[in-house]
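Let me get the structure up before I jot anything down.

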Amino acid sequence: MTFDQLETPVPLVDLDVMAHNLDAMQGYADRHGLALRPHTKTHKSVHVGREQVRRGAAGLTCATPHEATVMQQATDDLLVAYPVVGHAKLDRLFSVREDVALRVQLDSSHAIDELAAAAVRHDRAVAVTVEFDAGMHRVGVPSLDDAVALARHVHANPPLEFSGIAFYPGHIREPVTSQDAALERLRHRVAEAIEAFTEAGMPPAVVSGGSTPTMWRSHEITGITEIRPGTYVYNDRTTAEIGACAWQDCAFSVLATVVSTSVPGQAVIDAGTKALGREPMRGASGEGWGALLDRPHVVVSRMSEEHGILDLSGSDWRPQVGEQVRVVPNHVCIVTHLNDVIFGVRGGDVVTSWPVEARGRGYGQLIGV
Ligand SMILES: Cc1ncc(COP(=O)(O)O)c(C=O)c1O
């Protein structure tokens, strides 16, 4: 199959680039003695999860119980790195096969109590990592004393098992070469956390962290045992812009068709917000909502739902109506989630495809019909 046989807009993944990204990350983790537990929120596909596990990932990370029920097809070791709160979420989490090791990352006694009650009901051990705030100010307890108290609360609630501590350095989004000061602060914060738990008689077996913007510098965080990057599998415009990957490491693009060139200085493609999302560059410099894979200086400057406007003011290139282009999105995880199927390509050929099984909320059954 060739590209012109696909109805656009449609997501493409360059298979060789993805393989390179997977190998490079696993190689890095192996060289530094770190367990790699990739976050599957980026690809949401069993096929890609299996590729990660086949290369040596210690297990997989999920954000939702629905992702966990899907990713149990790829691994028998799952982390939900998100507080699982509420009966519906817990019921779904405990529907995961008995032989799959489950770990939950949380930051409140409420979440511990609910998880413990569900674990008792299901007579199932669940590991817990307590999340502390390492600077992102999203989830994670700010006080290390409070984090230690949560770990004690886990200990007091078998069949929950305290397995360690966790953080997500999502606040570090500056270019890789400018991360020194932020990483030094993070290193200090993690050392303090390890010390607090050790002094409390609970040295953490697992110290889980890592992100794509900091992925090649994770080993500088003394004491870290596990990393959970997600975006690295496909990469995106933001990741390239900050230098965490090269432009040619962007495996994912949205194939689109030029549908209008009526207005001078621009070309309109059939990929708008419903194909590209509307994510800003998040910390990196750069205008627009995506850039062309073959012409990174041409960006999607405006969008409607089904229209993307390519700004041609900085380019001599004048595409024809009907011409196909490939757009690298600003933030790939959002774009994956907009699609049912990904097409794997090599050169100009479409050679395979796989479903995005973990997209959506997993409500297969309808009510009242
Ligand atoms: C808890 C957690 N861990 C790990 C990640 C890794 O993601 P990324 O590869 O985008 O840095 C994320 C991303 O949102 C996350 O929320």
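How many residues of the shell around the ligand are nonpolar, how many polar and how many charged? I get 3 nonpolar, 5 polar and 1 charged. My classes: Ala, Val, Leu, Ile, Met, Phe, Trp, Tyr, Cys and Pro are nonpolar, Asp, Glu, Lys and Arg are charged, and the others, Gly among them, are polar. The residues surrounding the ligand are His39, Ala81, Tyr168, Ser211, Thr212, Arg228, Pro229, Gly230 and Thr231; a residue makes the list if its C-beta atom, placed from the backbone, lies within 6 Å.

Ground rules, before I go on. I count residues from 1 along each chain as its sequence is written. The model is predicted, so I take local features only at pLDDT of at least 70 and side-chain atom pairs only at pLDDT 80 or more, while totals for chains, interfaces and linings use all residues.

Overall fold next. I find 10 helices and 17 strands in the protein chain, as DSSP runs numbered from the N terminus (helices H or I, at least four residues; strands E, at least two). The radius of gyration, over C-alpha atoms, is 22 Å, close to the 21 Å from the globule rule for 369 residues, so the chain is as compact as a globular protein of that length. That rule is 2.2 Å times the number of residues to the power 0.38. The C-alpha trace spans about 70 × 55 × 35 Å along its principal axes.

Then I checked burial. Of the 369 residues, 46% are buried, meaning 20 or more other C-beta atoms within 10 Å of their own. The largest nonpolar core has 101 residues, and Leu78, Val80, Leu115, Ala147, Leu276 and Val327 have the most contacts inside it. A core here is a set of buried Ala, Val, Leu, Ile, Met, Phe, Trp, Tyr and Cys residues joined through C-beta atoms within 7 Å. Helix 6 (residues 144-155) gives the most to this core, 6 residues. Domain 1 (3-9 + 239-355) and domain 2 (38-227) both contribute, so the core lies between them; the bounds come from an automatic or database assignment.

Key: Buried ≥ 20, exposed ≤ 12 C-beta atoms within 10 Å, placed from the backbone.
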